Amino acid sequence: MSHILLVTSSPRGSEGLSTRYASQLAKRLAAQRPGTTLTVRDLAAAPLNHIGEAYVVGRATPPGARTAAQTEAVRLAESLVAELAAADTVVIGSAMINFGPPSSLKAWFDHVTWPGVTFRYAGNSVEGLLKGKKVYLVTAAGGNFSEGPLAAWDHQSGYLKHLLGFIGLTDIEHLRVEGMAHGPEAAQAAIASADEALQSLLKRAAASVEVAQ
Ligand SMILES: Cc1cc2nc3c(=O)[nH]c(=O)nc-3n(C[C@H](O)[C@H](O)[C@H](O)COP(=O)(O)O)c2cc1C
């Protein structure tokens with residue numbers, strides 16, 4: 001049985017395209033695999049605190065010696081890591097905000113990127129400890145960043161892929177919804193292109209389910 005974790009973070013509510021496409025994708029992947037369960041972590045509706053001293057000091061302190069605030073902060077991070085570890089498929093929706101991901105999504109990564117738990121240093125290199133998962137990353141942006149002069153300004157996609165890979169999540173498919181800010185015609189074309197990309201991604205996913213059966 002498959003388990004999908006859907007993480008959304010657009011601050012634009014029902015207008016959020018990353019949320020719309022990531023949610024559609026998660027639901028349609030679930031429909032391809034009978035018995036699939038889905039957990040939704042909506043970081044815009046229920047934002048996490050930024051990490052602070054209680055978490056940073058608490059996770060380096062033995063459980064019995066933690067203050068109440070440290071215990072609470074570490075428990076939250078443990079529950080987020082457990083939620084992520086329980087999934088075989090992770091779908092992440094990220095809105096470009098000032099050329100990076102929303103701060104709510106950064107806060108989620110700050111909780112789940114944890115030395116000794118989701119990654120470890122091995123000699124001179126780093127080993128990600130969350131292995132064998134499929135990740136679908138959906139990014140939405142006003143500009144066009146996949147190619148052309150603005151590509152170097154995309155501090156969202158590469159950053160998120162780096163963080164995912166750092167904790168072992170290296171099998172990533174990326175769906176871009178981009179170019180929404182260049183007038184109605186360009187926005188329409190962007191949606192058509194994202195719809196097409198979604199369909200082809202779902203076809204590939206369905207084919208891989210068939211191969212596995
Ligand atoms: C506060 C804010 C900052 C934004 N910053 C950028 C930006 O730096 N670059 C860009 O191309 N688009 C930017 N946009 C446009 C969004 O990336 C675009 O609306 C995208 O669709 C947001 O994703 P969402 O639809 O999932 O909310 C910004 C939008 C908002 C509301």
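Q: In β5, which residue is the bridge partner of Tyr 121?
A: The partner is Val 126. The model is a predicted one, in which local features need pLDDT of at least 70 and side-chain atom pairs count only at pLDDT 80 or more, while totals for chains, interfaces and linings use all residues. Residues are numbered from 1 along each chain as its sequence is written, and side-chain values use heavy atoms, with hydrogens and water left out.

Q: What do β4 and β5 form, and which residue in the turn has a positive phi?
A: β4 and β5 form a hairpin with two residues between them. Gly 123 in the turn has a positive phi of about 60 degrees.

Q: What is the strand order of the open sheet of five strands?
A: The order is β2-β1-β3-β6-β7, and the pairing is parallel. β2 and β7 (171-178) are the edge strands, as each pairs on one side only. From one strand to the next, the twist averages 15 degrees.

Q: How do you know that β1 and β3 pair in the parallel sense?
A: Four bridges join β1 and β3. Among them, Ile 4 has Thr 89 as its partner in β3, and Leu 5 has Val 90. On its side towards β6, β3 pairs in the parallel sense over seven bridges, with Val 90 opposite Val 135.

Q: Why is β3 described as largely enclosed by the rest of the structure?
A: Buried means under 20% relative accessible area (exposed is over 50%, partly exposed in between; 1.4 Å probe, protein chains only). Seven of the seven residues of β3 are buried, so the strand is largely enclosed. Thr 89, Val 91, Gly 93 and Ala 95 are buried on one side, and Val 90, Ile 92 and Ser 94 on the other.

Q: Why does Ser 157 count as buried?
A: Ser 157, in helix α5, has a relative accessibility of 3% and therefore counts as buried. Leaving aside its neighbours within four places in sequence, Ser 157 is in contact with Leu 137, Thr 139, His 174 and Arg 176.

Q: What makes α4 a largely enclosed helix?
A: Seven of the 10 residues of α4 are buried, so the helix is largely enclosed by the rest of the structure. The buried residues are Ser 104, Leu 105, Ala 107, Trp 108, Phe 109, His 111 and Val 112. The cover over them includes β1 (3-8), β2 (37-42), α2 (53-58), α3 (68-85), β3 (89-95) and α5.

Q: At what angle do the axes of α4 and α5 cross?
A: The axes of helix α4 (residues 103-112) and helix α5 (residues 157-166) cross at roughly 15 degrees and come within 11 Å. That makes α4 roughly parallel to α5, since angles under 35 degrees count as roughly parallel, over 145 as roughly antiparallel, 65 to 115 as roughly perpendicular and the rest as oblique. Axes are lines fitted to C-alpha atoms, for helices over the stretch in contact, and angles run from 0 to 180 degrees between N-to-C directions.

Q: Which residues of α4 and α5 meet?
A: Leu 105, Lys 106 and Phe 109 in α4 meet Tyr 159, Leu 160, Leu 163 and Leu 164 in α5.

Q: At what angle do the axes of α3 and α4 cross?
A: The axes of α3 and α4 cross at roughly 95 degrees and come within 8 Å. That makes α3 roughly perpendicular to α4. Leu 76, Ala 77, Leu 80, Val 81 and Leu 84 of α3 make the contact with Trp 108, His 111 and Val 112 of α4.

Methods:
Contact = heavy atoms within 4.5 Å. Pairing = 2+ DSSP bridges.
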